[in-house]
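We will go stop by stop, selecting as we go.

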Amino acid sequence: MFDELRARFLLNGYKHVLRGILFKSYKGNPEVIHEQMIRALGDLPEGVLDLCAQVIGPRRNPVTVAGVEFPGRVGVAAGLDKDARAVSAWAKLGFGFAELGTVTPRPQPGNNKPRLFRLIPSEGIINRMGFNNRGAEAMARRLSAAGIRRGNQKVGLPLGISIGKNKVTPLEEATDDYLTALSILADYADYVAINVSSPNTPGLRNLQDDKSLGKLISALVEQAESLNQDDPLPIFVKLAPDLSDNQLASIISICEEAGASGIIATNTTITRGDLNQHDVHLANQAGGLSGAPLTKISLQMVEKITSRTELPVMGVGGIMTPKDAQSMFDVGAQLVQIYTGFIFNGPALVSGINTLTQP
């Protein structure tokens with residue numbers, strides 16, 4: 001009963017008070033609002049963060065996946081904290097892990113603005129950010145300064161790092177970019193996610209093709225083993241939700257054969273189904289769609305993956321309620337990640353997922 005009251009209090013307080021203020025701040029510019037929110041979270045004093053932890057409640061149902069000990073089952077999805085600015089806050093907000101990035105070897109500004117569109121009636125977001133980030137070296141310096149090293153959970157949770165290629169790097173040289181990013185960040189990550197599925201870097205999704213993906217995973221797994229033969233860094237592969245059944249079956253086989261530690265499903269979708277009629281005018285905006293319109297698609301994808309492989313799966317995409325997370329667990333996901341659900345429903349979503357009794 002107490003958990004239900006707490007979740008209701010958090011949800012009502014966020015949706016009916018704080019969210020309205022946030023969404024209208026900075027002239028309603030969603031990208032600026034996002035940047036300011038992440039900066040504010042990173043600057044919160046320890047005392048305030050401790051109070052947040054008491055209000056949100058404890059993490060539960062710890063699990064070990066790919067050798068990594070996760071104190072909770074719900075994590076921050078890549079894209080929310082691109083440059084590791086808020087790493088000190090995520091554990092206090094109830095998260096069991098955080099995936100930073102996507103980060104590229106060299107800094108890049110990303111695509112032209114505007115590039116982030118909030119679809120409030122649909123509870124969705126369209127973004128074409130294009131891996132805007134300060135680069136792998138900058139992230140490494142920030143994590144090092146915070147005392148973070150692989151396995152020490154200095155900020156109260158394990159950290160994954162999503163890596164990608166720079167936009168200017170030719171596709172045939174993409175593997176070198178991923179290897180460079182891995183070598184710079186391996187000492188600070190508890191796992192690495194290979195982002196080959198963002199629709200916002202031209203040609204990137206072509207890396208999901210058989211030969212390209214196999215070569216990329218094998219190279220990263222080999223490098224991870226060379227960096228630490230006794231305990232290689234786990235390598236996860238993040239997939240698009242728009243793959244055909246034949247493509248998915250082939251990719252799963254490649255992940256298994258190349259030595260991937262697990263799969264993250266899914267990234268944003270290029271489809272535009274299930275939009276509220278008030279958001280249809282935004283359907284022609286280029287970029288990936290996340291949030292509630294992705295709920296069914298990502299769940300179906302996770303179910304297909306878990307039925308075909310023993311590799312652990314992190315479910316992500318359209319998790320807007322604790323029930324959505326439970327559905328992911330029911331079809332075999334061991335962990336879940338949230339982004340758009342957190343933007344629309346705040347810490348109540350994290351608290352609610354943590355109280356699920358049978359993940």
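First, a term: helices (H or I, at least four residues) and strands (E, at least two) are DSSP runs, numbered from the N terminus. The model is predicted, so local features need pLDDT of at least 70, side-chain atom pairs count only at pLDDT 80 or more, and totals for chains, interfaces and linings use all residues. Residues are numbered from 1 along each chain as its sequence is written, and side-chain values use heavy atoms, with hydrogens and water left out.

**Stop 1: the annotated span**

Select residues 63-353. UniProt, in an unreviewed entry, lists them as "domain: Dihydroorotate dehydrogenase catalytic". UniProt positions are given in the numbering used here, feature names are shortened, and annotations may be inferred rather than shown by experiment. The span is 30% helix and 19% strand. Its end C-alpha atoms lie 14 Å apart.

**Stop 2**

Now show β5, β6 and β11. These three strands form an open sheet in the order β5-β6-β11, with antiparallel pairing. Two strands pair if DSSP finds at least two bridges between them. Which strands are at the edges? They are β5 (116-119) and β11 (288-291), and each pairs on one side only. Zoom in on β6 (residues 124-127): four bridges join β6 to β11. Pick Ile126; its bridge partner in β11 is Leu289.

**Stop 3: the largest pocket**

Next, look for empty space. A probe the size of a water molecule, rolled over the atoms, shows where it is left. On a 1 Å grid over the protein atoms alone, a pocket is an open set of points where a 1.4 Å probe fits, with protein on both sides within 12 Å along at least five of seven lines; lining residues have an atom within 4 Å of a point. A volume is the space filled by probe spheres set on the points, which are joined across faces, edges and corners.

The largest pocket holds about 560 Å³. Select Leu18, Leu41, Cys52, Leu93 and Pro347: of its 19 lining residues, these are the closest to the centre. Colour α1 (2-24), α2 (30-43) and α3 (46-56), which each supply at least two lining residues. The largest share, six residues, comes from α1.

Colour by class next: Ala, Val, Leu, Ile, Met, Phe, Trp, Tyr, Cys and Pro count as nonpolar, Asp, Glu, Lys and Arg as charged, and the others, Gly among them, as polar. This lining has 17 nonpolar, two polar and no charged residues.

**Stop 4: the second largest pocket**

Select Glu35, Lys82, Asp83, Arg85 and Asn132. Of the 20 residues lining the second largest pocket, they are the closest to its centre. About 400 Å³ of space lies here. The lining has six nonpolar, five polar and nine charged residues.
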